[in-house]
Amino acid sequence: MRGSLRIHTCAYKNTTLHKRKGIIIDSITRLSIREFIAQVDPERKTKDWKTISMAACVSTFAVPSAAKSSSSSFSFSAEAVALLNSGWWENVPLTNFSLTNHCYLKGITCNRAGSVVRMEVHFFYSYGRLSNMSWSFLSNLEYLDLSDSGLIGGILGEIGTLSKLTHLDLSINFGLQGVMPLDLGNLTQLVHLDLSGTDIGGPIPSTIGNLSALAHLSLYLTQLSSSIPSEIGNLKNLVVMYLDSNNLRGPIPSSIGHLSKLTYLYLSSNQLSGSIPSSIGHLSNLTYLYLSTNQLNSSIPSSIGHLSNLTYLDLNSNRLAAQSFQK
């Protein structure tokens, strides 16, 4: 459901009644944070509910004594408040939500300790921003998929604090703009990165070379420009690289020949120029090679003949020399 109205709501299961200053909340009562705070703490009534701090929200809700017994209870409560304050579940019934069972939220998966490790939010998220979420409170997050969720705004550098992240998919969000932050290079455990189908522009940051575990890189159909950084050759575990349908310029870096595990290489529909590097012949596992619709010139290097596993080759719409192979 898409819309501009954002109402944060808090609801509790009727099997766990919470009492605070004479107020009982059960499954048939749903109060907005503004209304709840106004009843619990009337002097806050005139303050903007959007500015309620995380600490205030934590103190507003009753934390069960069992949760207080754990040294990690505050961090998990902070996770719950971060999820609630984001407004991402505003159109989803929160009948199972509390500071200790936030793991029941749609799209949220927790580990056995009750900490969020996986987040998949799609169709029910309506035109929001990554800045709505306090990412630093989700330090155990390993899998983040917000594809096709109506995101707008930019990618925060704070995403780079998610040091355990292995999967990041923000694709098919055409309102997602700005640039790829340098902090993405801090995600050294990342295996899957997909920003395709967004309006992200600017250069591919050189810090992408820090993502040594990366196996899947999908950046097609964006507004990325500038050249492909030579540091991309550091991604020794890369199997799939989709950089097609962008505004990439300049030569294909010779360092691409270091990607010995690469199977899919899509660089078509850009403005790449210069010659095809002979080092491309080192990609012995390459099956798909698409370099069409660029401004590549010179001859096709003879080393391309070393690609014994190659099944699909597309060099169409370039300025390559008429001879088949360079002598």
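Visitor: Why is C103 called partly exposed?
Guide: C103 has a relative accessible area of 23%. Buried means under 20%, exposed over 50%, and partly exposed is what lies in between, using a 1.4 Å probe and protein chains only. The 23% of C103 falls in that middle range, so C103 is partly exposed.

Visitor: Before we go on, what kind of model is this?
Guide: This is a predicted model, where local features need pLDDT of at least 70, side-chain atom pairs count only at pLDDT 80 or more, and totals for chains, interfaces and linings use all residues. Residues are numbered from 1 along each chain as its sequence is written, and side-chain values use heavy atoms, with hydrogens and water left out.

Visitor: Is C110 buried or exposed, and how do you know?
Guide: C110 comes out at 17% relative accessibility. That value is under the 20% limit, so C110 counts as buried.

Visitor: How do you know that C103 and C110 form a disulfide?
Guide: Their sulfur atoms are 2.0 Å apart. A disulfide here is a pair of cysteine sulfur atoms within 2.5 Å, so C103 and C110 qualify. The structure holds 1 disulfide.

Visitor: Left-handed or right-handed, and what makes that disulfide so?
Guide: The torsion about the S-S bond of C103 and C110 is about -95°, so the disulfide is left-handed.

Visitor: How many helices and strands does the chain have?
Guide: The chain has 4 helices and 22 strands. Both are DSSP runs numbered from the N terminus: helices are H or I with at least four residues, strands are E with at least two.

Visitor: Why does a stretch like 249-250 get to be called a strand?
Guide: Residues 249-250 make up strand 16, and a run of two residues is enough under the "at least two" rule.

Visitor: What makes strand 16 and strand 18 a pair?
Guide: They are joined in the parallel sense over 2 bridges, with strand 18 covering residues 271-274. Two strands pair if DSSP finds at least two bridges between them, so 2 is enough. Within this pair, R249 stands opposite Q271.

Visitor: Which sheet do those strands belong to?
Guide: An open, parallel sheet of 4 strands, in the order 16-18-20-22. Strand 16 and strand 22 (319-320) stand at the edges with a single partner strand each, so one side of each is left without a neighbour in the sheet. Going across, strand 18 pairs with strand 20 (residues 295-298) over 2 bridges, and G274 stands opposite L296 there. Another 2 bridges join strand 20 to strand 22, where S298 has L320 as its bridge partner.

Visitor: Buried or exposed: what is N294, and how do you know?
Guide: N294 has a relative accessible area of 7%, which is under 20%, so N294 is buried. N294 lies in the loop between strand 19 (288-290) and strand 20.

Visitor: Why does N294 count as having a polar contact with L272?
Guide: A polar atom of the N294 side chain lies 3.0 Å from the backbone nitrogen of L272. A polar contact is a pair of N or O atoms within 3.5 Å; within protein, one must be able to donate a hydrogen and the other to accept it, and residues adjacent in sequence count only if both atoms are side-chain atoms. The 3.0 Å distance is within that limit. N294 touches several residues, among them Q271, L272 and S317, not counting residues up to four places away in sequence; contact means heavy atoms within 4.5 Å.

Visitor: What is the order of the 10-strand sheet?
Guide: It is open and mixed, in the order 5-6-7-9-11-13-15-17-19-21. The edge strands are strand 5 (108-110) and strand 21 (312-314), each pairing on one side only.
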